[in-house]
Amino acid sequence: MESLEPLEKWRFLWQWCHKYGFFKSVLINFQAMEEVVIFQHYNNKEQEQVTALSSGGEFWNFYVENGKNTNGYPIRVTLGNNPPRSLLWWSHEEAENHSRPHLHISGYYATILEIFAQQYNASLEYLIINPHKEYYNELDCLDRIRENRTDVCADAMIMGQGYIVTQPEEISHSYLMVPYDTPMDRFYYFVKPFQPQVWLWGELTSCYVTLMLSLVNRLQRGHWNFPQNYLNSMMASANLPFHLPLILGWRRKFLEIFMFICGFVLANWYLSLLSSLLSSRLYDRYISCLEDLQKHNLSIILSEYEYLFLKTSQLSPLISQQLQIVDNEFLLENRRNLRPEYAYYSQYDKNLFYLRQQIYMEKPKMRELTEYPINPVYGGIPMRPNWPLEDKLNNLMGYMLESGVFIRILDDTFYDALRIGHLHYFPMDGNSVEPLSLDYFRMPGTLLLVGYSMALVSFLILKKDATCMGCVHNESGV
């Protein structure tokens, strides 16, 4: 080949390249490296540019510099309200023409596309779905991609479902958002200072002390006297006055001092822990595992797209039988108000976005069930096939994640949602004076009942033991 000219003989090649998504093509004469033809196609206007380059390195620099400027290449972006990924609203205050409101765009995927357009001098043409509603159906955006009516979606979708997404940069986890723990009945406060194992060892220790005292009584007096010794052991544990009259000699003082010191330490330790618990509020785990969803018959509401997303992996039967597909409006109204009548399935970014409203509450309404992650997936920004800027958008997504800008954009989106009224902080729990209810008397009443019951049982056993001893003495006298 002597020359690339005339250029018309290559026009079919350039048109074929543009048909399949390459808006800039380079033709090189390898026999004469200084002859390079660059064909560009911007805004439906074809332009040939013949450039003489002296080396391959110079050509590479030329290619990189020209790749940063797309000369206003139009990018069709489908956009809808799906915070924190995309958020839009209108305002008349900042509009140049007050008859036409100004469009504001937030959300980290929508913001990334704006940054991308600024970096490569591209123009964004927004195709808004449900412009006056606070939600949209993600499936509508995917339909527009399949019909070649848009280039990209300002959202993130799962990969491997028949459309192209940007190169995944992380594994995205989904979780259930479940009602927060319920307040514990004060009736159970008196057993909470110690764990069940501590209570068990304490009871075993009391039984051991009772056995040792009874053994001493048997050796010195000839009878066991179990009830009285068990009662003395319990009184010593509660740091109450007790006496060991049936034990003779120095052993009685030694045992009394030893039991008093142990009971004093144990009782004051317990009372200090109990007093700190009574001045606060304890909670029982309402939903601690997936089985609790079925136990409380708690429905997991989700949208149609979230259901398709959820079916990409094998589901636990405990989850699938509690699913309930609802419309987007019903889902949005309940999820953003964190209504505990339902559980919600979402990816971690949406859960964080909505749960952040309750940071000033003493008792939150909902929490994320992080102990059970659901279907970790790869995903990214969906785009049409053969989109010429795919590699550049992949690079930008990697830079945004590595630099940590994602977190800042997520914070900005949250505050934007607060400013326009899409979200709101839940108020702090107020302090009020309430009359005492029966709940406050259940714990002391139960303790009194247990104490009197133990005293009654001990009295009956002692009476029976005394009766038996009397019978034995009478028989001996006879």
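The transmembrane region annotation in the unreviewed UniProt entry covers residues 257-278 and 445-462; such positions are given in the numbering used here, with shortened feature names, and annotations may be inferred rather than shown by experiment. The model is predicted, so that local features need pLDDT of at least 70 and side-chain atom pairs count only at pLDDT 80 or more, whereas totals for chains, interfaces and linings use all residues. Residues are numbered from 1 along each chain as its sequence is written, and side-chain values use heavy atoms, with hydrogens and water left out. Over residues 257-278 the chain is 100% helix and 0% strand, with the end C-alpha atoms 31 Å apart (helices, H or I of at least four residues, and strands, E of at least two, are DSSP runs numbered from the N terminus).

In strand β16 (residues 343-347), 5 of the 5 residues are buried (under 20% relative accessible area, with exposed over 50% and partly exposed in between, for a 1.4 Å probe and protein chains only). Ala343, Tyr345 and Gln347 point one way from β16, while Tyr344 and Ser346 point the other way. Strand β11 (residues 172-179) runs antiparallel to β16 and is joined to it by 4 bridges, pairing being assigned if DSSP finds at least two bridges between two strands; tyrosine 175 has serine 346 as its bridge partner.

Across the whole structure, 18 aromatic pairs are found (rings of Phe, Tyr and Trp, the last by its six-membered ring, with centres within 6.5 Å; planes under 30 degrees apart count as stacked, over 60 as edge-to-face and the rest as tilted). Among them, phenylalanine 309 and tyrosine 345 form a tilted pair, 6.4 Å centre to centre with 45° between the planes. Because phenylalanine 309 lies in helix α9 (residues 304-310) and tyrosine 345 in strand β16, this pair ties together parts 36 residues apart in sequence.
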